[in-house]
Amino acid sequence: MISSTSNNTQASAIAARVQAAYQRLHGRPAQVLARAPGRVNLIGEHTDYNDGFVLPAAIDRHTWVAAGPRDDGLVQVTALDWGEETDRFDPHCPARVGGWRDHVRGTLSQLDEPIGLELVIAGNVPQGAGLSSSASLALALLSAATGVVGRRMPPKHMARLAQRAENVFVGTQCGIMDQLASACGEAGHALLIDCRSLSTRPVPLPAGTALLIAHSRVRRGLVDSAYNERRRQCEEAARLLGVPALRDVSIEQLDAGRSRLSPLVFRRARHIVSENARVLAAAEALQGGDLARLSSLMAASHVSMRDDFEITHPHVDRLAALLQEVAGDDGGARMTGGGFGGCVVALLPEHRVEAAVEHVCSQYRSPDGEPPLIFRCEADAGAAVERLA
């Protein structure tokens, strides 16, 4: 099934909802309204923490935060999407308590000068789907906090703070792709990111193409999955090959050093090395409108994630194959996100969207017998904040 409500309509409704809830809960209007997008990664999985290259796009699904100051130095936050659950904590020394609260606590504690805040949060980035709901939340929180004090924080600095919160507080050893995409996205473009230098280059999506995201309904949790294990295996490969990161290894160098690696670690490294090359080739293909080339690169990426990195799921494999059947040589499909469930992304001609949705919904069922959730998305701009009063 595909959402019948436009993303713009949803965004307006959520923005109004958080502002109304703030007024109701605190008896005054919010001072600022911040929003930050989720992201979908077209190609380049697990390459970010290997100092490599990625090609995500920010999407028009967001987290919204209505915010204002609080006099006692504490932070009080209400999460509308969690039944108006609340949390109150000292941002100077927060403790881990689990769940969504850790993402809020960890993010706001990264500020150089944490401040007291009243916050109301809601959004429409699917959670546990590989679309970076946590990065979207973090960037919206940082945008709101800086907006309340009237400061502007450079987007890349916000991305670093959000990554640090994930790494040192939440416990997910992610790279910086998700946060940079949410901070620096550009409407109508993917973003080629060099995760070592943090340089970014917008790459236009070809005219007449559509982004489809199909959720397998297989939920994933990075902290509880093998995500951190994959990172350790990559670091082991780099150490044994004598390089700072796998970004510094060519496929020829990897083959030459194969005897130094266990078969498992070699396969993990082969995915990263080959994926980096695919990202750069995919950016060139997009820039030139070569969808046939992009199709083959996305297909190879999925096979590599399935066989060498072992992060796909049989239901995700099925979804990718179904979407590729419709896209043909005029588009591509692959798993997107950290893996172990979640979503498939497809870039395909707009005139094939209806056929793709019908094909997938008729042929796919989740482990619980449910049809997929399918989102039609646009590449959107990065995090922003508006002062209301």
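Mentor: Happy to. The charged end of Arg258 sits over the ring of Phe266, 4.0 Å from its centre; that label needs NZ of Lys or CZ of Arg within 6 Å of the ring centre and within 35 degrees of the ring normal. Keep in mind that this is a predicted model, where local features need pLDDT of at least 70, side-chain atom pairs count only at pLDDT 80 or more, and totals for chains, interfaces and linings use all residues. Residues are numbered from 1 along each chain as its sequence is written, and side-chain values use heavy atoms, with hydrogens and water left out.

Trainee: Thanks! Which residues of H1 are buried?

Mentor: Asn7, Gln10, Ala11, Ile14, Ala15, Val18, Ala21, Tyr22 and His26. Buried is under 20% relative accessible area, exposed is over 50%, and partly exposed lies in between (1.4 Å probe, protein chains only).

Trainee: What do the buried residues of H1 pack against?

Mentor: Strands E1 (32-43), E2 (53-69), E3 (75-79), E5 (117-123) and E11 (373-377). Helices (H or I, at least four residues) and strands (E, at least two) are DSSP runs, numbered from the N terminus.

Trainee: Where is Arg17 found?

Mentor: In helix H1. Arg17 counts as partly exposed because its relative accessibility is 39%. Leaving aside neighbours within four places in sequence, Arg17 is in contact (heavy atoms within 4.5 Å) with Leu80, Asp81 and Ala122.

Trainee: New topic: how many residues has the largest nonpolar core?

Mentor: It has 42 residues, and Leu212, Leu246, Leu254 and Leu323 have the most contacts inside it. A nonpolar core is a set of buried Ala, Val, Leu, Ile, Met, Phe, Trp, Tyr and Cys residues joined through side-chain atoms within 4.5 Å.

Trainee: Which element gives the largest share of this core?

Mentor: H10, with seven residues. Apart from this core lies another, of 40 residues, among them Val148, Leu161, Ala162 and Leu191.

Trainee: What else is in contact with Leu246?

Mentor: Beyond its neighbours within four places in sequence, Leu246 is in contact with several residues, including Asn50, Cys234, Ala269 and Val273.
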